[in-house]
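Me: I have a structure to read and some questions about it. Can we go through it step by step?

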Amino acid sequence: MDPAVLGTHLASSVLPPLVKQLLTRDGPGAALVDKPVRLSGLVTFHGEKRTLGEKEVGHLAARLVREAVRSPGEPPFPADEQEAVTAALARRLLALGDLDMDDVQAVHLGHRQLARTLREAAPAPGLTADAAYFLDSVTE
């Protein structure tokens with residue numbers, strides 16, 4: 001199997017369960033509001049902390065990359081780029097917080113355009129083609 005295809009498949013199978021852990025389910029009787037609800041308000045935490053900081057996003061990015069590298073078959077990118085890919089993915093995830101749009105606008109963009117916006121906000125120069133492809137696939 002082509003490493004790029006394997007990386008994309010792995011990213012699509014690993015990412016949803018991890019993201020699902022971050023989101024809470026709406027309680028019964030959720031009503032319409034006059035202000036948009038920020039995605040950050042749906043993130044679940046233990047204790048008082050209600051935001052994802054660099055440390056938490058870094059752990060999430062590291063877990064995604066680690067799962068991809070550990071998957072069966074050929075690695076999606078060279079092993080010596082694992083740290084660079086992890087850092088680049090963390091920067092892209094952190095760029096979500098810098099976007100000047102609400103959640104509804106982000107949904108209307110569509111996942112491909114939103115991923116393109118994140119790639120532009122946090123480019124990852126210096127990666128090999130395989131590492132860049134993996135990063136773009138995970139971002140999308």
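Reply: Start with a term: a salt bridge is a side-chain nitrogen of Lys or Arg within 4 Å of a carboxyl oxygen of Asp or Glu. Keep in mind that this is a predicted model. By that rule, the count of salt bridges is two.

Me: Which residue forms a salt bridge with R92?
Reply: The closest N and O atoms of this pair are 2.9 Å apart. A salt bridge needs these atoms within 4 Å, and the pair meets that rule. The partner of R92 is D136.

Me: Which helices does this pair tie together, and how many residues apart are the parts in sequence?
Reply: R92 lies in helix α3. D136 lies in helix α6. So the pair ties together α3 and α6, parts that are 44 residues apart in sequence.

Me: Is R92 buried or exposed?
Reply: R92 has a relative accessible area of 4%. Buried means under 20%. D136, its partner in the salt bridge, has 26% and is partly exposed. R92, at 4%, is buried.

Me: What is the N to O distance in the salt bridge of R112 and E140?
Reply: R112 is in helix α5, and E140 is in the segment after α6. The two are 28 residues apart, so this pair links distant parts of the chain. E140 is partly exposed, with a relative accessible area of 39%. The N to O distance is 3.3 Å.

Me: What percentage of the residues of the chain count as buried?
Reply: The chain has 140 residues. It exposes about 9,200 Å², and carbon and sulfur atoms supply 57% of that area. The share of residues that count as buried is 31%.

Me: What share of the contacts with a separation of 6 or more comes from residues 24 or more positions apart?
Reply: A contact here means heavy atoms within 4.5 Å. Take the contacts in the chain with a separation of 6 or more. Residues 24 or more positions apart account for 68% of them.

Me: Which element gives the largest share of the largest nonpolar core?
Reply: This core has 17 residues, and V65, F77, V85, L89, L127, F134 and L135 touch the most other members. Elements giving two or more residues to this core are α2 (54-70), α3 (82-95) and α6 (129-139). The largest share, six residues, comes from α2.

Me: How many residues are in the other core, which lies apart from it?
Reply: Among the members of this other core are A95, L114, L118 and A122. Its size is seven residues.

Me: Which residues does V65 touch, leaving out those up to four places away in sequence?
Reply: V65 is one of the residues of the largest core that touch the most other members. V85, L89 and F134 are also on that list. With neighbours up to four places away left out, V65 touches F77, Q82, V85, T86, L89 and F134.

Me: What angle lies between the planes of F77 and F134?
Reply: The structure holds one aromatic pair. F77 lies in the loop between α2 and α3 and F134 in helix α6, so the pair ties together parts that are 57 residues apart in sequence. F77 is buried at 3% relative accessibility, and F134 is buried at 3% too. The pair is tilted, with centres 5.1 Å apart and an angle of 50°.

Me: How far apart are the end C-alpha atoms of α3?
Reply: Helix α3 has 14 residues. At 1.5 Å a residue, they should span 20 Å. The end C-alpha atoms agree with this: they are 20 Å apart.

Me: Which elements do the buried residues of α3 pack against?
Reply: The buried residues of α3 are V85, T86, A88, L89, A90, R92 and A95. They pack against α2, α5 (111-121) and α6.

Me: Which residues does A124 touch, leaving out those up to four places away in sequence?
Reply: A124 is found in the loop between α5 and α6. It is buried, with a relative accessible area of 18%. With neighbours up to four places away left out, A124 touches A88, R92 and L135.

Technical notes. Residues are numbered from 1 along each chain as its sequence is written. This is a predicted model: local features need pLDDT of at least 70, side-chain atom pairs count only at pLDDT 80 or more; totals for chains, interfaces and linings use all residues. Side-chain values use heavy atoms; hydrogens and water are left out. Buried means under 20% relative accessible area, exposed over 50%, partly exposed in between (1.4 Å probe, protein chains only). Accessible areas come from the Shrake-Rupley method with a 1.4 Å probe; for residues, only the protein chains shown count as cover. A nonpolar core is a set of buried Ala, Val, Leu, Ile, Met, Phe, Trp, Tyr and Cys residues joined through side-chain atoms within 4.5 Å. Helices (H or I, at least four residues) and strands (E, at least two) are DSSP runs, numbered from the N terminus. The expected span of a helix is 1.5 Å times one less than its number of residues. Rings of Phe, Tyr and Trp (its six-membered ring) pair if their centres lie within 6.5 Å; planes under 30 degrees apart count as stacked, over 60 as edge-to-face and the rest as tilted.
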